[in-house]
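Subject: Structure handover

Hello,

Here is the structure I promised to pass on. Please open it next to this email.

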Amino acid sequence: TLPAGILGSRFVVVSVDTGNQVFELIETNNAAISTSGIKLLNPDLVVDAVVAPASSQFGQSIEIRWTVRNEGTAPANGTWVDRVYFSSVFGSTNGAVQLLAQNIDNVLPLASGASYSRTQQVTLPIGPSFSAGSFYVLVQSDAGSALFEATETNNLAASSPVSLTIPPLPD
């Protein structure tokens with residue numbers, strides 16, 4: 001990712017005789033700054049929506065839909081990865097289970113203001129570490145930070161809570 005200080009408007013500075021190697025009558029006029037700024041253009045992917053069913057059972061396959069929009073000032077070029085997670089905490093991938101990683105390369109370039117939507121089947125995890133309750137499906141666009149974005153902190157969104165139950169298990 002780009003350092004935070006490189007985004008936004010910048011100005012061109014030209015300096016001559018910076019080491020004062022040439023004896024001059026006036027040494028204070030050896031630099032000039034452009035009068036108009038140069039605005040750096042960057043894409044900025046935002047997950048607008050994540051839709052999951054309101055209820056299901058652990059171990060079942062469910063349909064997930066999500067939409068990503070480029071709200072930046074430049075097209076998104078290159079390839080990036082959208083990841084789908086399953087989490088007990090709203091908006092956090094800490095301790096989350098990754099359900100899907102999908103390469104995004106067929107919407108290129110993604111123009112400023114444009115969006116794409118995906119629909120995928122994922123299988124919910126099952127095991128002794130999961131108990132019935134509310135969980136969230138999270139989608140993170142540009143999960144590997146492949147793009148130089150204007151903002152890197154807005155690439156994650158969560159679904160409404162998904163109420164999960166434990167299916168009948170053999171004994």
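This is a predicted model: local features need pLDDT of at least 70, side-chain atom pairs count only at pLDDT 80 or more; totals for chains, interfaces and linings use all residues.

Below is what I found, from the overall fold down to single residues.

Residues are numbered from 1 along each chain as its sequence is written, and side-chain values use heavy atoms, with hydrogens and water left out.

Overall fold

The chain has 13 strands and 0 helices. Here helices (H or I, at least four residues) and strands (E, at least two) are DSSP runs, numbered from the N terminus. Read in order, the pattern is β-β-β-β-β-β-β-β-β-β-β-β-β.

How does the radius of gyration sit against that of a compact globule? The chain has 24 Å, whereas a compact globule of 171 residues would have a value near 16 Å. The radius is taken over C-alpha atoms, and the globule rule is 2.2 Å times the number of residues to the power 0.38. Along the principal axes, the C-alpha atoms fill a box of roughly 95 × 30 × 20 Å.

Contacts mean heavy atoms within 4.5 Å. Among contacts with a separation of 6 or more, 72% join residues 24 or more positions apart.

Surface and charge

Of the 171 residues, 33% count as buried. The classes are: buried, under 20% relative accessible area; exposed, over 50%; partly exposed, in between (1.4 Å probe, protein chains only). The chain exposes about 9800 Å², and carbon and sulfur atoms supply 54% of that area. Areas come from the Shrake-Rupley method with a 1.4 Å probe; for residues, only the protein chains shown count as cover.

There are 6 positive and 13 negative charges, and their mean positions are 8 Å apart. Lys and Arg count as positive, Asp and Glu as negative; His and the chain ends are not counted. Each charge is placed at NZ of Lys, CZ of Arg, CG of Asp or CD of Glu.

The nonpolar core

A nonpolar core is a set of buried Ala, Val, Leu, Ile, Met, Phe, Trp, Tyr and Cys residues joined through side-chain atoms within 4.5 Å. The largest one has 29 residues, and V50, I64, W66, W80 and F86 touch the most other members. Strands that give two or more residues to this core include β5 (45-51), β7 (61-70), β8 (80-87) and β13 (162-165). β7 gives the most, with 4 residues.

Look at W80. Beyond its neighbours within four places in sequence, W80 is in contact with L45, Q102, N103, I104, V107, L108, L110, Y116, S141, D142, A146 and L147.

F130 is found in the loop between β10 and β11. Not counting residues up to four places away in sequence, F130 touches F58, F86, V97, P125, F135 and I166. F130 and V50 are 80 residues apart along the chain, and their C-alpha atoms are separated by 22 Å.

Backbone points to check

Most residues other than glycine have a negative phi, and most peptide bonds are trans.

- The peptide bond from L108 to P109 is cis, with omega near -15°. P109 lies in the loop between β9 and β10.
- N20 has a positive phi, near 50°. N20 sits in the loop between β2 (13-15) and β3, and is partly exposed at 48% relative accessible area.
- D142 also has a positive phi, near 50°. D142 is in the loop between β11 and β12 (156-158). Is D142 buried or exposed? D142 is buried, because its relative accessible area is 2%.

A31 lies in strand β3 (residues 31-33). A31 is exposed, with a relative accessible area of 52%. Leaving aside neighbours within four places in sequence, A31 is in contact with V14 and S15.

L25 is in the loop between β2 and β3. L25 counts as exposed because its relative accessible area is 86%. L25 and V51 are 26 residues apart along the chain, with their C-alpha atoms separated by 71 Å.

G95 lies in the loop between β8 and β9. G95 is exposed, at 81% relative accessibility. From G95 to N29, the distance is 58 Å, C-alpha to C-alpha, across 66 residues in sequence.

Best regards
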